[in-house]
Every structure is written in C-alpha cells, then in structure tokens.
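Hi everyone, thanks for coming. Have a look at it first.

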Amino acid sequence: MSLNLQEKQAVVAEVAKQVAGAQAIVMAENRGLPVAQLTQLRAKARASGVYFRVVKNTLVRRAVADTPFASLTDKMVGPLAYGIGPDPVAVAKVLNDFAKGNDKFVITGGAMPGQVMSAKEITALASLPSLAWPWRGPVGVLEEDTDRDSSELHLIHRWCYLGTATSEAEVADL
C-alpha cells in the first residue's frame, strides 16, 4: 500500500524530528525478516531509547537534508531499516545485537553528526559502554565510598571526563 502526499509528509516530519535530536543513525538491510522478529526488535529499541523504523529511503533522504547526517544519503540504497537515537552506542548495540542472530538483517552503515560510518565501525561502536553508563558507575562509586586512593579517582576521571579507552569492567571493579 502506497502513502498519499499527506502521509509521506507526516513520515518525513516524524523522522526529521527524531533526526533533530539524534547523535547517531544506523542503517540495516532488511530482506525477508518476519514481522514477529521486527516487532521484537522494535520493543528492544524502544526500551533502549532508540527510534526504529522501516521507511522508504526517499523519505529519509528528505528528513536528513540540511542536517549533519546529510552525507549519509548516498548510502541509502536497498530495503533499509533505520535506528535513530541520542545515544550512539545504544543505537549501534540494539541493531548490532539483533543482526548477530538474524542473517536477513545486516548492518550496512550509519553516521554520527558529520561522519559517515561503515558497518565495521558500527560494530566497533556497539562494543563500547553506553553513554548512560558513566553516570551509573563512577557517580555511584563516588557516593558510596569517599575513601578512594588517587589512582582509582584518576581512573574514574579518565572515564567520565576525558573519554579515554578505559573499559567498563576496569571501572566497575573499583
């Protein structure tokens, strides 16, 4: 069933609203995936704060025009599903984890503002701890125990403020 002009405009407006608050868009090729599995993915995405939608590429191209994601339009080819969200890691994790168990759902790439990313880069992004994690971990650690030695506080500082490659497990063990 095709959409009329008003319905297309509504879809473009809805996607554009999501893109306006996004820090990442991840695209996945979706060929022949059963509706039940897509419904499960939508539920996981919603629970993680990720907007997920299968939508025509032409409508998404219009939604990302004149945004930091405009460079992604050249990669919008084939039957794609889009994950959009304010936490780049959450978007990548939800779609990447789903793709691991489904041969018919393949990550094709994505973008962060001003930067197009390959499928391999999306997979690497999915392996990072979520943006929400530092606030759960170190802040809770600092509140629970103020008697920390300087190396532990330095590690927490590196993680929270400098964004250096410190593993979630390394900080969690403190």
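This is a predicted model: local features need pLDDT of at least 70, side-chain atom pairs count only at pLDDT 80 or more; totals for chains, interfaces and linings use all residues.

The protein chain has 174 residues, of which 39% count as buried.

Now for the layout. You can find eight helices and five strands in the protein chain. Starting at the N terminus, their order is α-β-α-β-α-β-α-β-β-α-α-α-α. If we take contacts between residues at least 6 apart in sequence, 73% of them join residues at least 24 apart.

Let's zoom in on helix H2, which covers residues 35–47. From first C-alpha to last, its 13 residues reach 18 Å, close to the 18 Å expected at 1.5 Å a residue.

Which residues of H2 are buried? They are Leu 38, Leu 41 and Ala 45. These three sit on the same side of H2, because they cover an arc of only 60° around the axis. Here is the general idea: an α-helix has 3.6 residues a turn, so residues three or four places apart point the same way.

And what do those buried residues pack against? Their partners are strands E1 (24–30), E2 (51–54) and E4 (105–112), along with helix H4 (88–100). On the face turned away from the buried side, H2 carries the exposed residues Ala 36, Arg 46 and Ala 47.

One last stop: just after H2, Gly 49 takes a positive phi of about 80°.

Technical notes
Residues are numbered from 1 along each chain as its sequence is written. Side-chain values use heavy atoms; hydrogens and water are left out. Helices (H or I, at least four residues) and strands (E, at least two) are DSSP runs, numbered from the N terminus. Buried means under 20% relative accessible area, exposed over 50%, partly exposed in between (1.4 Å probe, protein chains only). Contact means heavy atoms within 4.5 Å. The expected span of a helix is 1.5 Å times one less than its number of residues. The arc is that of the directions from the helix axis to the C-beta atoms.
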